[in-house]
Amino acid sequence: RAEFVQDYWNEVFSHFLQEIQCGHTPNPDVLCNKEIKFGVFQQYIIKTMGFVAMATGHYARIDQMNDGTVRLLKGVDEFKDQTFFLSTVSQKALQKTVFPIGHMTKSQVRRIAKEAGLHRTACRKESMGLCFIGKRRFPKFIEEYIEERPGLFMSHDGHVIGEHRGHHYYTIGQR
């Protein structure tokens, strides 16, 4: 059994917390793809299990170039395209990756799953958000790792318009 918990903590989650504390809005999915899924996990299955490539369920496509390099292309389903989340994955890792559903829409994938008798998969609710938070609300989750730092909401002209429990509970542009 392979364990990547420590890798995830070191390469993704610690970085996520540091960025939050600096007032940035990190995207741990991008880092997880680069460091874990297409990093240590892919290396593990190739070296330890003897696989030559890895297939994932990302809505993206690969274009094989004549010189051996590959280009990452958007998935056909413009609403499910995941190339942004794969944008930092290395050329070496992409060369050993297959995206078998990138040429399909989500509804086509669900129909195929249903026809194959995979009803739980076909009817599964969309998954969005940060995988490590689970069903908790973000403020409840983050207070387990970062203590409150109360402050003031200020207007552009310097007037106090409210109070907050800490900037790490918010992102720029949040409603």
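**A buried aspartate, a hairpin and an aromatic cluster**

In this predicted model, D77 touches Y59, M104, T105 and K106, leaving aside residues up to four places away in sequence. D77 is located in the loop that connects β3 (70–74) with α3 (83–86). Although buried, D77 forms no salt bridge, and the nearest side chain of opposite charge, K80, is 7.2 Å away. Backbone nitrogens do, however, approach the D77 side chain: that of F79 lies 3.0 Å from one of its polar atoms, and that of K106 lies 2.8 Å from a polar atom of the D77 side chain.

Five residues separate the two strands of the hairpin, and G158 adopts a positive phi near 90°.

The model contains 12 aromatic pairs. In one of them, the ring centres of F13 and F16 are 5.8 Å apart with planes at 25°, so the pair is stacked, as the angle is under 30 degrees. These residues are three apart in helix α1 (residues 5–21), and therefore about one helical turn separates F13 from F16. F13 is buried at 4% relative accessibility, and F16 is buried at 2%. F13 also pairs with F141: their ring centres are 6.0 Å apart and their planes stand at 75°, so this pair is edge-to-face. The pair links distant parts of the chain, since F13 belongs to helix α1 and F141 to helix α7 (residues 138–142), 128 residues apart. F141 is likewise buried, at 1% relative accessibility. Ring pairs join W9, F13, F16, F138, F141 and Y145 into a cluster.

Definitions and conventions:
Residues are numbered from 1 along each chain as its sequence is written. This is a predicted model: local features need pLDDT of at least 70, side-chain atom pairs count only at pLDDT 80 or more; totals for chains, interfaces and linings use all residues. Side-chain values use heavy atoms; hydrogens and water are left out. Helices (H or I, at least four residues) and strands (E, at least two) are DSSP runs, numbered from the N terminus. Buried means under 20% relative accessible area, exposed over 50%, partly exposed in between (1.4 Å probe, protein chains only). Lys and Arg count as positive and Asp and Glu as negative; His and the chain ends are not counted. A salt bridge is a side-chain nitrogen of Lys or Arg within 4 Å of a carboxyl oxygen of Asp or Glu. A polar contact is a pair of N or O atoms within 3.5 Å; within protein, one must be able to donate a hydrogen and the other to accept it, and residues adjacent in sequence count only if both atoms are side-chain atoms. Contact means heavy atoms within 4.5 Å. Two strands pair if DSSP finds at least two bridges between them. Rings of Phe, Tyr and Trp (its six-membered ring) pair if their centres lie within 6.5 Å; planes under 30 degrees apart count as stacked, over 60 as edge-to-face and the rest as tilted.
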